[in-house]
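Thanks for making time this morning.

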Amino acid sequence: MDIAERFPHLPSRLQGLAELSFNLWWSWNPEARELIRMLDIQSYRATQHNPVHMLDILPVEALERAARSPAFLDRYDAVMARFRKDVTDTDGWFTQRFGPSSLPVVYMSAEFGVHVSLPVYAGGLGMLAGDILKESSDLGLPMIGLGLIYTQAYVWQRIREDGWQEDVEQQLDRTHNPLLPVLDEHGEPLRVRVPAFHPPVHVEVWQAAVGRVPLYLMCTDVEGNQPWDRTITQRLYAKDLEQRLRQEIVLGMGGVRVLDALGVSPGALHLNDGHPALAILERLRAVVEEGHAFQEALEKVRSSTIFTTHTPVPAGTDVFPFPLIEKYLDHYFRDAGLDRDRILSLGVNPKDPQAGFNMTVFALRMSRFCNAVSKRHAQVAGEMWSEVRSDDSGATSIEPITNGVHLPTWIEPLRLQPALAERLGEDWKDTQDEPDTWQQVADIPDGTLWRVHNDRKATLLPQIDARARRAWQSGDVPAANMMGFGALLDPYTLTLGFARRFTSYKRPDLILHDMERLQRLLTDPTRPVQIIFTGKAHPADQDGKRLLQKVFRLAKDPACAGRIAFVENYDQHLAKYLVAGVDVWLNNPLPPLEASGTSGMKASVNGVPHLAVLDGWWPEAYDGANGWAIGEDSSADDRTPADADSLYRLLEETIVPLYYERGADNVPHGFVQVMKAAIRTVAPAFNSRRMVKEYCEKLYGPALRL
Ligand SMILES: *Cc1c(COP(=O)(O)O)cnc(C)c1O
């Protein structure tokens, strides 16, 4: 489809908006965001920042008004010039470093968190994938994203009156998503047959544009597929094990076929966690079919495969019983002349050989380059998979490449980005991965940074209210629940943010450990504390739901004075407001189970200091002045009581006094010092530019033989 035909009422002077609205580039370029806001602020808000949706609904008069406004047109011309240059420029960092004309890296992932208007993500793994695509575009790295698109929301949360999370089936409407169908040479939707299924399963493919990086998303909900097959891509991380395997066959093996159909020849394949690992099989099959011997084919595929492992939590690894694998793949192995036993053995975990085919083990053995997502995680993963690495198919070492976040996306664009540009120079994004760039943060006047922060905080609370209002308006929210959704939050109170999946090891109830002590903090008459919780429990995680219930009941409890809030349906939109709008970011998982964590990075680069246990990325960043560390680095059997005590003490003795001790100018200078230290030290090291450059040096360059 021609994008221009999509918006027949768009004045010709503004034709470029069609292409711009369909390229998520707009979302991380503040001038483009501003342009879209200027077009119509009300619909910008009402559509949750979705320009495709805006152009679909805006009356022709509004568009014509913009087309006559000199101020709008000036900005439009400037933005379009930048946009065209950015998406076509071939002389980026990557070309300068490695030379031109490399084959692309194909980045495969079950989820991509690029923007809230493209809801194909659940959490951190997807956010990372989204940030990687954006950064690859910024650096001119030839990358292609490949994943699935789902017909239903991952989890649509509705909290019952008793605080229990219900998972509502929520169909997703693709009408206003920034997506175009991929067409074949006859102008019909491209259909690609997925290997291994009998009767055949076909996918159709949608394309999103992330700057100059294309993102292809496959869907099985297409005519001609059997009903059960149509639901393969119904929900991210299908609950049923067999359906989960089928989903991963589509993602991995179907994905490789889609690349073929698109004429893409990948220089390297990057598997984001184990879900897409069956791509390896389909590549093996193709190489064997070319006439290579099995061992040769194995080495050939291996040499260009890259794998990122994301979790030390066993439940985070897919293990499929052998009979299930055989049910789907026996024919495939036979038809392709692949040695079934040999391949199945590549997925056997030496520590638990009966369990089945382990996708992480398979990916580790079949990838020439593997990485973990923080230094600490590399150690933990190294031990966890030590026996896999010593397998005779070649020792693979797990490199630490610590995650980073895409700063243009995550640093609040309306207030903090301009304040930074003023001090660090307009081109700070070009040198964001150099510590020198950030030294001048110290020179931002305390009062300025404090004002920026309080303005951001003032925009967070209405966002929370808007969500509560939508829930209320839906008609099936018990009135008593409304008190739990943040109605009583106060902008002058020290505010902690806790936003992450609700699951046991993340210990969302750590701060509830001693309720008396917590209530003293919450209800202090002159120096109160409030906490905003948000996050979803996985539908099958009963413990996670119980923890959420515990939090929600307290949120409604008058004894907590409305100073605990729970916000439903955590998503990227809310995340952007939270990481910039609370005062302190709380993270207290049970070490060593947090592989990296990225939300604390997002908060820190916004000057929202991290209050966290030394796990994941935090041991690499914490320097005693840029945030706070909870607890000792202990290996006690139950470290929770000690961690809780440490958390209360930090709040009581350090953070609350620092926040409420104001100078004559009503600025808490001591607290602002911590804010500045957080930005100055975290921004240069934990941004996605540093991370993707490291990928290029350690993984992509060698895999592409550059
Ligand atoms: C950043 C982010 C996450 C991941 O945060 P963690 O700290 O890794 O738990 C999850 N969900 C959303 C919406 C995010 O923006």
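Between domain 1 and domain 3, the C-alpha centres are 34 Å apart. This is a predicted model, so please take every value here as computed from it. On the contact itself, domain 1 puts in four residues and domain 3 puts in seven residues. For orientation, the domain assignment places domain 1 at 3-88 and domain 3 at 418-684. Domain 2 is assigned in pieces, as 93-99 + 109-403 + 692-704.

How much area is buried between domain 1 and domain 3? The figure is about 390 Å², and carbon and sulfur atoms account for 36% of that area. As for salt bridges across the interface of domain 1 and domain 3, the rule finds zero.

I am taking the second largest pocket, with a volume of about 450 Å³. Its lining has 19 residues, and those closest to the centre are Pro266, Arg283, Val287, Glu290 and Ser304.

Which helices each supply at least two residues of that lining? They are H11, at 241-262, H12, at 279-289, and H13, at 294-303. Of the contributors, H12 gives the most, with five residues.

Sorted by class, the lining of this second largest pocket comes out as eight nonpolar, seven charged and four polar residues.

To recap the two topics: the buried area between domain 1 and domain 3 is about 390 Å², with zero salt bridges found by the rule across their interface. The second largest pocket has a volume of about 450 Å³, and H12 supplies five residues of its lining. That is what I have for today.

Notes. Residues numbered from 1 in each chain as written. Predicted model: local features only at pLDDT ≥ 70, side-chain atom pairs only at ≥ 80, totals over all residues. Heavy atoms only, no water. 1 Å grid on protein atoms, 1.4 Å probe; cavity = no way out; pocket = protein on both sides within 12 Å on 5 of 7 lines; lining within 4 Å. Points joined across faces, edges and corners; volume = space filled by probe spheres on them. Helix = DSSP H or I, 4+ residues; strand = E, 2+ residues; numbered from the N terminus. Nonpolar A, V, L, I, M, F, W, Y, C, P; charged D, E, K, R; others polar. Domains from an automatic or database assignment. Contact = heavy atoms within 4.5 Å. Buried area = accessible area lost by both parts, 1.4 Å probe. Salt bridge = Lys/Arg side-chain N within 4 Å of Asp/Glu carboxyl O.
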